[in-house]
Amino acid sequence: MSSLAGLPFRKMNGLGNDFVIVDLRGTDARMTPEAARAIADRQSGIGCDQVITIEDRGGPFMGVWNADGSAVEACGNAARCVGWLLMEEQDADEARFAAPAGPLRAWRAGPMRVTIDMGEPKFHWRDIPLAEQFEDTRFIDVKLGPIDRPVLWGPSAVNMGNPHCIFFVDDAEAQALDRFGPLVENHPLFPERTNVGVAQVKGAHLIRLRVWERGAGVTKACGTAACAALVAAHRRRLTARKATLELDGGPLAVEWGEDNRVRMTGAVAHEFDGTLPHGL
Ligand SMILES: N[C@@H](CCC[C@H](N)C(=O)O)C(=O)O
């Protein structure tokens with residue numbers, strides 16, 4: 001296996017959720033948890049929320065590595081960026097590729113805007129996954145101790161390729177996400193940890209969402225969380241099947257179709273390109 005040092009990377013973001021994207025096609029190099037951590041480090045590395053690999057696995061495959069080095073199944077914002085890169089490369093208006101969670105399809109929605117078909121949400125407690133049986137994952141019970149009152153009650157659990165725990169709150173800005181986010185992320189109810197969202201429904205078609213990401217902390221946006229929040233809100237009869245999700249980094253349009261598939265549209269941005277340094 002060859003080293004990652006010297007390979008080109010692209011720095012991109014989706015609404016400020018930022019990625020170092022390394023194309024491993026045609027190389028023997030492999031990403032490792034240590035290398036992903038080193039690349040993502042904002043003090044000593046390049047700095048990003050997730051390291052993304054593009055690999056050849058009988059077609060383009062997107063690998064997702066959180067800043068803490070954990071390899072995970074899905075990333076909505078990165079999927080838009082990788083979709084955009086593949087469409088540019090193929091001079092096409094549509095791209096198909098895969099991620100650990102399954103196949104993805106991307107298409108252009110404007111010059112730097114991409115729609116992704118994120119697939120079907122899962123709700124069964126074993127699929128989230130949860131460590132305990134809940135018949136109805138629209139309302140689960142996460143006991144956090146004294147800090148969970150008065151608003152952090154009865155969140156929804158959704159798997160959108162990756163696990164999400166969404167708290168519906170009256171005021172998303174008022175929540176100490178950096179304090180309770182890590183407690184929920186690492187709560188024993190979530191054997192694979194979880195992403196944590198606080199969602200404030202502002203109307204049938206508008207949700208304010210802030211996210212603590214598993215393995216990355218508070219980020220400016222999380223695409224899979226936006227999909228999970230819309231799906232959870234609709235299941236709780238709080239919104240329509242289609243809404244704008246207002247994230248710290250900007251808006252995402254999400255629709256849960258009658259075909260049970262979730263489609264997400266939003267901006268992609270290309271920041272700069274570089275070469276991975278030695279020592280990885
Ligand atoms: N930022 C992403 C999600 C990245 C992975 C997530 N932190 C996890 O561990 O599941 C997105 O836009 O969906």
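Mentor: We'll take the domains, the ligand, the annotated residues and then the core. This is a predicted model, where local features need pLDDT of at least 70, side-chain atom pairs count only at pLDDT 80 or more, and totals for chains, interfaces and linings use all residues. Residues are numbered from 1 along each chain as its sequence is written.

Trainee: What domains is the protein chain divided into?

Mentor: Domain 1 (8-119 + 267-275) and domain 2 (146-258). Those bounds come from an automatic or database domain assignment. The C-alpha centres of domain 1 and domain 2 lie 22 Å apart.

Trainee: And how many residues of domain 1 are in contact with domain 2?

Mentor: 24 residues of domain 1 contact 20 residues of domain 2. Contact means that two C-beta atoms, placed from the backbone, lie within 7 Å. On the domain 1 side, helix 2 (residues 76-90) gives the most, with four residues. Helices (H or I, at least four residues) and strands (E, at least two) are DSSP runs, numbered from the N terminus.

Trainee: Where's the ligand? Which residues are closest?

Mentor: The closest are Asn77, Asn162, Arg214, Gly223 and Thr224, in a shell of 18 residues. A residue counts as near if its C-beta atom, placed from the backbone, lies within 6 Å of the molecule. Each of domain 1 and domain 2 supplies at least three residues of that shell. Strand 4 (60-66), helix 2 and helix 4 each give at least two.

Trainee: How do the shell residues divide by class?

Mentor: Five nonpolar, eleven polar and two charged. Here Ala, Val, Leu, Ile, Met, Phe, Trp, Tyr, Cys and Pro count as nonpolar, Asp, Glu, Lys and Arg as charged, and the others, Gly among them, as polar.

Trainee: Switching topic. Which residues does UniProt mark "active site"?

Mentor: Cys75 and Cys222, from an unreviewed entry. UniProt positions are given in the numbering used here, feature names are shortened, and annotations may be inferred rather than shown by experiment. The two span 148 residues in sequence, yet no two of their C-alpha atoms are more than 7.7 Å apart, so they gather at one spot.

Trainee: Is Cys75 buried or exposed?

Mentor: Cys75 is buried, with 30 other C-beta atoms within 10 Å. The cut-offs are 20 or more for buried, 12 or fewer for exposed, and partly exposed in between, with C-beta atoms placed from the backbone. Cys75 sits in the loop between strand 5 (71-72) and helix 2.

Trainee: What does Cys222 touch?

Mentor: Skipping neighbours within four places in sequence, Cys222 contacts Asn17, Asn77, Asn195, Val211 and Glu213. The unreviewed UniProt "binding site" list includes Asn17, Asn77, Asn195 and Glu213.

Trainee: Where is Glu213 found?

Mentor: In strand 12 (residues 206-213). Glu213 counts as buried, with 28 C-beta neighbours inside 10 Å.

Trainee: Last one. How many residues are in the largest nonpolar core?

Mentor: It has 85 residues, and Ala199, Ala226, Ala229 and Leu230 have the most contacts inside it. Such a core is a set of buried Ala, Val, Leu, Ile, Met, Phe, Trp, Tyr and Cys residues joined through C-beta atoms within 7 Å. Helix 4 (residues 223-235) gives this core its largest share, nine residues.

Trainee: Why does the core lie between the two domains?

Mentor: Domain 1 and domain 2 both give residues to this core, so it lies between them.
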